[in-house]
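This briefing is meant for a reader who is meeting the structure below for the first time.

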Amino acid sequence: MSEYIEIRCSSIPSYGDCPRRSAAKLFRETLVADGFLLNPSRPSAAAAIGTAIHKGVANLLRAKQATGEFIASEVANAAGLAWESFNEETKEGVIWDKTTPHGMTAEAQIRGLLYSFVPILDSITPTHIEVPLEAIISPLGEQAIPVKVTGTMDVRDVMGVIHDHKTGTKQPSPQAQLGGYIAVCRLNDIEVTGARVNFAKREGIKKTNEGLRAPKPIPFDAEECLSAFWSTVEEIQRHYEKYLEAKDPWSFPANPMSMLCTPKYCNAHCTNFCTMGGTEDAEE
């Protein structure tokens, strides 16, 4: 039995959409060892672009922190490093989508998104950049297997506000993730006064080439984020404890109505761990 359940802050918000899909990622090694056959994982273009932008933005902020001012000429270099990150992330395959159908579009989007972040980065005075954090917690009490929460905080500014950079086709709902960062920061004696997302919309190639808008700053209530975090982690802990007792897939509820209940996005789809998604030939 594992000494703890390890959960990344970034994986927490999606848990409520379909706990079983999330469990297939969070607890893959345990499930496979117990005889469940899961589909292989491939990163999506959306996720790989998000990772690449995080790398590029971190490089730009480190340059600003070192010199005391934002250097616009660094963006081209940061875009090159971000593109390298995308290629590394997708070297074993990638799930393309309508907004990012191939590599040429992805490269243009990464470059355009990084340039769009310039006004936001120019306004941030960072104290912490891409800081890895972790803490051991147990919402269910000492009798339960503890949870090791990990995550990499994008930025904390001089006002104590956590910034998380997001790219996507739709505005995100990352309250539980932000709550994780807030909780783990405070457990590591890092003061946090608030949290916000800087959201840059990932557009098709035409709008990207025309020039993307600056990211939209979206503030979130810190206490609500913390509530979302603690509630979701407690649910994950409870489901996992139940699974260890019964080895039953139904320890993790399934949601076949989820928009991600497809072979493309769910490792458990049409496996012996979950038959709720219909057949492999079903239309997505």
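In which strand does Glu 130 lie? Glu 130 lies in strand 2, residues 126-137, where strands (E, at least two residues) and helices (H or I, at least four) are DSSP runs numbered from the N terminus. This is a predicted model, in which local features need pLDDT of at least 70 and side-chain atom pairs count only at pLDDT 80 or more, while totals for chains, interfaces and linings use all residues. Residues are numbered from 1 along each chain as its sequence is written, and side-chain values use heavy atoms, with hydrogens and water left out.

**The chain as a whole**

- The protein chain has 9 helices and 6 strands, and its C-alpha trace spans about 55 × 45 × 25 Å along the principal axes.
- The radius of gyration of the protein chain, taken over C-alpha atoms, is 20 Å, which agrees with the value near 19 Å that a compact globule of 284 residues would have; the globule rule is 2.2 Å times the number of residues to the power 0.38.
- Buried residues (under 20% relative accessible area, with a 1.4 Å probe and protein chains only) make up 49% of the 284 residues.
- Of the contacts (heavy atoms within 4.5 Å) with a separation of 6 or more, 72% come from residues 24 or more positions apart.

**Residues with positive phi**

- Glu 130 has a positive phi of about 50°, although it is not a glycine.
- Cys 270, also a residue other than glycine, has a positive phi near 55° and is found in the segment after helix 9 (222-246).
- Cys 270 is partly exposed, with a relative accessible area of 21%, a class that lies between buried and exposed, the latter being over 50%.

**Second largest pocket**

- A pocket is an open set of points on a 1 Å grid over the protein atoms alone, with protein on both sides within 12 Å along at least five of seven lines, and lining residues have an atom within 4 Å of a point.
- Residues lining the second largest pocket include Phe 199, Lys 201, Glu 203 and Arg 213.

Note on methods. On a 1 Å grid over the protein atoms alone, a cavity is a set of points where a 1.4 Å probe fits but cannot get out, and a pocket is an open set with protein on both sides within 12 Å along at least five of seven lines; lining residues have an atom within 4 Å of a point.
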